[in-house]
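Work through the exercises below with the model open. Try each task before reading its solution.

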Amino acid sequence: IEKEALHDRMTECEYFNGEASFFSISTEKAKKKVSRVPIMSQGRKALEIANKEKALGFDDFDLEYYYQLFAHTLQRDPTDVELYDMSQSNSEHSRHWFFGGKMIIDGVEQ
């Protein structure tokens, strides 16, 4: 059996013996501690590096927005988990508002 067939690219886990489930997988990557991106001491450049290293997919607008949010509004360093969450939440396929549709709740256009 090819390794690709037994490898989950999203969780970066290999399945052995055909018995693994998502909740029973233990990997070295899963044991990593949450880290902080040091924007308070290193500025936006730290966010740009994290964006590249972690393949977050932020464009220039996103980088500036999140830098301002954390550096000036929240006044703290973001965690890698927060950045990953924002990356996924703001991905193009999740931007349903991007297509300009109307949202109507209880008969009222929002």
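Keep in mind that the model is predicted.

**Exercise 1. The nonpolar core**

Task: Find how many residues the largest nonpolar core has, and which have the most contacts inside it. Then find which helix gives the largest share.

Solution: 
- Step 1. Count the members. The largest nonpolar core has 14 residues.
- Step 2. Val 37, Ile 39, Leu 47, Phe 58, Leu 83 and Met 86 have the most.
- Step 3. Assign the helices. At least two residues of this core come from each of helix H2 (44-53), helix H3 (60-74) and helix H4 (80-89).
- Step 4. Find the largest share. H3 supplies it, with 5 residues.
- Step 5. Take one member and list its partners. Set aside residues up to four places away in sequence; Leu 47 then touches Val 37, Ile 39, Leu 63, Tyr 66, Tyr 67 and Leu 83.

**Exercise 2. Aromatic pairs**

Task: Count the aromatic pairs. Classify Phe 58 with Tyr 66, then Phe 61 with Tyr 65.

Solution: 
- Step 1. Count. There are 3 aromatic pairs.
- Step 2. A ring pair is described by the distance of the centres and the angle of the planes.
- Step 3. Apply them to Phe 58 and Tyr 66.
- Step 4. Phe 58 has a relative accessible area of 7%, so Phe 58 is buried. Tyr 66 comes out at 9%, so Tyr 66 is buried too.
- Step 5. Planes under 30 degrees apart count as stacked.
- Step 6. Phe 61 and Tyr 65 are 4 residues apart in helix H3, so about one helical turn separates them.
- Step 7. Check accessibility again. Phe 61 is exposed at 62%. Tyr 65 is partly exposed at 49%.
- Step 8. Join the pairs. Phe 58, Phe 61, Tyr 65 and Tyr 66 are linked by ring pairs into a cluster.

**Exercise 3. Salt bridges**

Task: Count the salt bridges in the whole structure. Trace the network that includes Arg 44, then describe the bridge between Glu 82 and Arg 76.

Solution: 
- Step 1. Search the whole structure. The search gives 4 salt bridges.
- Step 2. Start from Arg 44. Its side chain meets that of Glu 48 at 2.8 Å, N to O. Both residues lie in helix H2, 4 residues apart, so the separation is about one helical turn.
- Step 3. Follow Arg 44 to Asp 60. These side chains form a salt bridge at 2.3 Å, N to O. Arg 44 lies in helix H2 and Asp 60 in helix H3, so the pair ties together parts 16 residues apart in sequence.
- Step 4. Compare accessibility. Arg 44 is buried, at 17%. Glu 48 is partly exposed, at 27%. Asp 60 is exposed, at 53%.
- Step 5. Write down the network. Its linked residues are Arg 44, Glu 48, Asp 60 and Glu 64.
- Step 6. Turn to Glu 82 and Arg 76. Their side chains meet in a salt bridge at 2.7 Å, N to O. Glu 82 is partly exposed at 24%, and Arg 76 is partly exposed at 31%.

**Exercise 4. Helix H1**

Task: Locate Met 40 and Ser 41. Which residues is Met 40 in contact with, leaving aside neighbours within four places in sequence?

Solution: 
- Step 1. Locate. Met 40 sits in helix H1, residues 39-42. Ser 41 is in helix H1 as well.
- Step 2. Check accessibility. Met 40 is partly exposed, at 43%. Ser 41 is exposed, at 63%.
- Step 3. List the contacts of Met 40. With those neighbours left aside, they are Phe 70, Ala 71, Gln 75, Arg 76 and Asp 77.
- Step 4. Read the C-alpha distances. Met 40 and His 72 are 9.2 Å apart in space and 32 residues apart in sequence. For Ser 41 and Asp 77, 36 residues apart along the chain, the separation is 8.8 Å.

How values were computed
Residues are numbered from 1 along each chain as its sequence is written. This is a predicted model: local features need pLDDT of at least 70, side-chain atom pairs count only at pLDDT 80 or more; totals for chains, interfaces and linings use all residues. Side-chain values use heavy atoms; hydrogens and water are left out. A nonpolar core is a set of buried Ala, Val, Leu, Ile, Met, Phe, Trp, Tyr and Cys residues joined through side-chain atoms within 4.5 Å. Buried means under 20% relative accessible area, exposed over 50%, partly exposed in between (1.4 Å probe, protein chains only). Contact means heavy atoms within 4.5 Å. Rings of Phe, Tyr and Trp (its six-membered ring) pair if their centres lie within 6.5 Å; planes under 30 degrees apart count as stacked, over 60 as edge-to-face and the rest as tilted.
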